[in-house]
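Here's a quick tour of how two chains meet, with a couple of local spots picked out along the way. Have the viewer open as you read.

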Amino acid sequence: MSAFLIIYFLDNWLTTDSVKKGKEEEEKETEKQEAYELSERAKDARKIVRSSHFRHIRGKMMKSELCYHDLKIAAVPSENPGIKANKVFFAVPWIGGGGPMCVWPIARMGRIPAKAPLLTAHESAVSDWDFCPTDDYLLATGGEDSGIMLWKLPEGGLTEDIKQSTSVLKGHSRRISLVGFHPCVQNLLLSGSADNSLRLWDVAAEKEVLKYQLGDEYADAAQMPLTMDFSKDASSIVVSLRDKTVRILDPRSNGGSALSVQVCVDRSEQFTVLI
Amino acid sequence: MFNFLITGIIWPLVDIDSQLVMVGIKGDGGLRILEVFDKKPHVEEIAGAPTDVPTMGMCLIPKTACDVLISECARVLKLTRNSIEPIMIKIPRKSYSQFSEELYPPTAAIGQPASLTGADWLEGQDALPNMVSLEPKAEAPADGKILSAH
């Protein structure tokens, strides 16, 4: 009887001990597992919370006295951002006959007088304009009178109307839709027009350098360039056209060999670029 | 894929150096700031700057005109019907005495001679734009490629 009890207790003790041991091992394992999961989660969390220097960025409106008031801004085509600026000036189209432009020094905040000095050589409304990236005092404007005008702006801003542009670039047969300087080639200006062509101009020599006919010159303005950009290394030009395509041009190859990229526009106005 | 619910023409203003995109919407008062990065999901909206008056147009001032000592990353000129409201986009800091190098990578020079002449470009040369450091009184490094913007 006693032997049985001893064996029983021993057995029981052994079993409890083994169970305990097993439990401890299990616990250890689960702890390990949890620790592992935690570390994985931490790694995931690190992935989710991206480190960014701009995380706390905020946009803040300037006070009223640091704004520009009482402007008489003329309407522009809807693809145009309506204002261009550089370090010294900003330029906006002004209400009035012909196509006046107001070029105002950025440093002069507050009310803009009703008779602000204007650039008034265009015969009809100005459709696009751009400041030269290499010269803060050079502005190019393209008008619906199919002329591109270059303006040498006086230092310190305009004091009276400028009725004669520094030079006129003629060549397009219909209204100008696009004017833009090349960011890293000196004195190179690109223009687009409703005659479905793109032209590159040497501004210093006042002559046309290259021309690309994107569509029929006398057809409707289906291939009219609306916006453009240059690649960073100056090798190619990207233009978006009115027929909902984007064209990537190699400007120095024969006739500007073009890779045409269809841009689908579905009814929900979501844009997808297919290359 | 990044989806916005937008009705209207948008003007994406891109700061290519710090990979920020300021999105203005015609007829809407707001300005959204997106950051573009290499990993998925590639685009994230990091802030918005709601204002009351509807936008009619928008442009950026060159970065070389921003006040780097108050952590100003970009300045947007917002055109309304009869006024222009500058919006200063900056990062709040406890103290503004130092230039933060991580916020201002070298940027393309504005108002200085370009890196290529027209004749060289027509012959087939390519070149990257001249870069400037935005640090006040920056000294030119040994290769002389980075010039001072101030």
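Which residue of β7(B) does A:Lys60 stand opposite? A:Lys60 faces B:Met88. The pairing behind this joins strand β1 (residues 58-61) of chain A to β7(B), antiparallel, over 4 bridges. Strands here are DSSP runs (E, at least two residues; helices are H or I, at least four), numbered from the N terminus, and two strands pair if DSSP finds at least two bridges between them.

Some ground rules. This is a predicted model, where local features need pLDDT of at least 70 and side-chain atom pairs count only at pLDDT 80 or more, while totals for chains, interfaces and linings use all residues. Residues are numbered from 1 along each chain as its sequence is written, chains are lettered from A and ligands numbered from 1 in the order written, and side-chain values use heavy atoms, with hydrogens and water left out.

**The interface**

On contacts (heavy atoms within 4.5 Å), 60 residues of chain B touch 51 residues of chain A. Together the chains bury about 4700 Å², 65% of it on carbon and sulfur atoms; that is accessible area (1.4 Å probe) lost on being put together, summed over both parts. B:Ile84, B:Pro86 and B:Trp121 supply 15% of what chain B buries against chain A, more than any other three residues.

The rule finds 1 salt bridge across the interface, meaning a side-chain nitrogen of Lys or Arg within 4 Å of a carboxyl oxygen of Asp or Glu. A:Arg55 and B:Glu44 form a salt bridge, with their closest N and O atoms 3.6 Å apart. Elements of chain B that each supply at least two residues to the side touching chain A include β3 (31-36), β4 (43-48) and α1 (118-122). The largest share of that side, 7 residues, comes from β7(B).

| Class | Chain B side touching chain A |
|---|---|
| nonpolar | 36 residues |
| polar | 15 residues |

**A hairpin in chain A**

Strands β14 (residues 197-202) and β15 (residues 207-213) of chain A run antiparallel, joined by 6 bridges. They form a hairpin with 4 residues between them, and A:Glu206 in the turn has a positive phi of about 55 degrees. A:Asp202 stands opposite A:Lys207.

Notes: Buried area is the accessible area (1.4 Å probe) that two parts lose on being put together, summed over both. Ala, Val, Leu, Ile, Met, Phe, Trp, Tyr, Cys and Pro count as nonpolar, Asp, Glu, Lys and Arg as charged, and the others, Gly among them, as polar.
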